[in-house]
Amino acid sequence: KKGQVEQVNNGEVQQEEKEQPKLKIVNQNSKSRPYAVMINNNHAAWPQCGIGDAYIVYEIVAEGGITRMMALYKDQDTAKIGSIRSARHYFLDYALENDAIYVHYGWSPQAQSDISSLGVDNINGIYESESAFWRVDDKYAPHNAVTSTKDILEIADRKGYRVDKEKDNVLNYVVAEVNLEDGKIADDVVIPYSDYNEVEYIYDEDLKEYVRYSRGEKQVDWNSGETITTKNIIIEKAENWTLNDGSGKGRQTLDNVTTLEGYYITNGKVIEITCEKESRSGQTVYKDLEGNEINVNDGKTFIQICPINADITCLLYTSPSPRDISGS
């Protein structure tokens with residue numbers, strides 16, 4: 001987004017565009033569309049690769065209480081992303097609001113139908129070559145399909161997908177540090193999705209970022225071994241339930257086109273927010289409790305869309321971290 005500055009020229013007030021300070025997390029001047037990749041979060045798929053290069057990662061519950069992720073990339077060169085899993089229809093809402101090309105490996109019947117009816121530009125790895133979506137030997141199927149940003153872009157070009165974005169960033173990134181002076185301490189954030197998966201973030205004061213854990217295990221990159229961290233955490237509490245589709249697979253759906261309660265967490269502090277989404281393709285607007293759109297720190301963001309009854313803890317009070325950030 002660009003601001004406006006007034007100039008007086010021969011008595012007439014004119015508007016001139018003023019460039020915002022450059023962001024590190026995204027190139028504000030880039031016109032390229034992002035791409036949203038479905039990431040497997042089954043324990044058998046750990047560790048994942050390429051998540052550290054994403055600027056936003058969404059995590060939502062799927063069947064069996066297992067979560068799936070959708071990682072967003074923009075102007076990024078990542079040689080291996082994965083493992084990649086199949087589409088779920090409610091993730092489409094967040095691909096659409098980010099104006100992203102949606103990348104997946106297979107799909108549920110609901111996702112397949114919605115991709116068609118909503119006209120989602122998508123890449124299904126099942127129908128692509130084994131050189132573009134390949135299986136690695138150090139994991140077993142279906143937890144071992146991977147791709148790269150180079151392959152994604154080549155396929156998108158072949159399919160004739162639009163390359164220029166038509167929407168601004170969902171998040172209102174700012175260069176000036178956001179410290180949430182009126183927030184409460186959030187050194188240790190625990191988000192229980194289900195009996196199968198509990199996500200935890202522990203604040204590292206030296207890094208000024210949160211270290212990510214899942215099921216009690218510190219998350220690292222498959223290739224580099226580097227720890228997964230994030231500058232920002234946004235939590236949205238949404239009602240989910242099992243579809244009565246006759247499949248017996250326990251597939252979920254989500255009530256997210258509404259105003260949801262949530263939290264914004266950064267720099268060891270938390271505030272309560274609302275998350276307003278008016279349509280499936282409409283961009284979520286994150287506001288503080290006074291109705292102002294929040295500013296978000298220039299850095300990576302995990303957006304945790306969790307069950308509405310999730311007993312989120314360690315948000316509103318100081319708690320000694322139960323783990324050593326440098327260990328597991």
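Me: What percentage of the 328 residues of the protein chain count as buried?

Reply: Two remarks on the source come before that. This is a predicted model, in which local features need pLDDT of at least 70 and side-chain atom pairs count only at pLDDT 80 or more, while totals for chains, interfaces and linings use all residues. Residues are numbered from 1 along each chain as its sequence is written, and side-chain values use heavy atoms, with hydrogens and water left out. Buried means under 20% relative accessible area, exposed over 50%, and partly exposed in between, with a 1.4 Å probe and protein chains only. By that rule, 54% of the 328 residues count as buried.

Me: How many helices and strands does the secondary structure of the protein chain come to?

Reply: Helices (H or I, at least four residues) and strands (E, at least two) are DSSP runs, numbered from the N terminus. Here there are three helices and 24 strands.

Me: What share of the contacts between residues at least 6 apart in sequence join residues at least 24 apart?

Reply: Contact means heavy atoms within 4.5 Å. Among contacts in the chain between residues at least 6 apart, the share that join residues at least 24 apart is 64%.

Me: Which residues of helix α2 are buried?

Reply: Helix α2 spans residues 109-118, and its buried residues are Q110, A111, D114 and I115. To read their placement, take the arc of the directions from the helix axis to the C-beta atoms. These four lie on the same side of α2 because their arc around the axis is only 130°. The exposed residues S116 and S117 sit on the face turned away from that buried side.

Me: What do the buried residues of α2 pack against?

Reply: They pack against α1, β7 (101-104) and β8 (122-124). After α2 comes G119, with a positive phi near 65°.

Me: Which residues of helix α3 are buried?

Reply: In α3 (residues 149-159), T149, D151, I152, I155 and A156 are buried. Their arc around the axis is only 160°, so they are on the same side of α3. K150, D157 and R158 are exposed on the face turned away from the buried side. The cover over the buried residues of α3 includes β3 (35-39), β6 (81-82), β7, β8, β9 (134-135) and β10 (145-147). Just after α3, G160 has a positive phi of about 75°.

Me: Which residues of the largest nonpolar core touch the most other members?

Reply: A nonpolar core is a set of buried Ala, Val, Leu, Ile, Met, Phe, Trp, Tyr and Cys residues joined through side-chain atoms within 4.5 Å. The largest one has 42 residues, and M70, Y102, Y264 and Y286 touch the most other members. Helix α1 (residues 92-97) gives the largest share of this core, four residues. Another core, of 41 residues, lies apart from it and has A54, V199, F302 and A310 among its members.

Me: How many cavities of 30 Å³ or more does a search of the whole structure find?

Reply: Rolling a probe the size of a water molecule over the atoms shows where empty space is left. On a 1 Å grid over the protein atoms alone, a cavity is a set of points where a 1.4 Å probe fits but cannot get out; a pocket is an open set with protein on both sides within 12 Å along at least five of seven lines; lining residues have an atom within 4 Å of a point. Grid points are joined across faces, edges and corners, and a volume is the space filled by probe spheres set on the points. The search finds three such cavities. The largest has a volume of about 70 Å³, and its lining includes Y55, K74, D99 and K165.

Me: Which residues lie nearest the centre of the largest pocket?

Reply: Of its 21 lining residues, L180, D182, G183, I271 and D288 lie nearest the centre. The volume of this pocket is about 490 Å³. Strand β21 (269-276) gives the most to the lining, with three residues.
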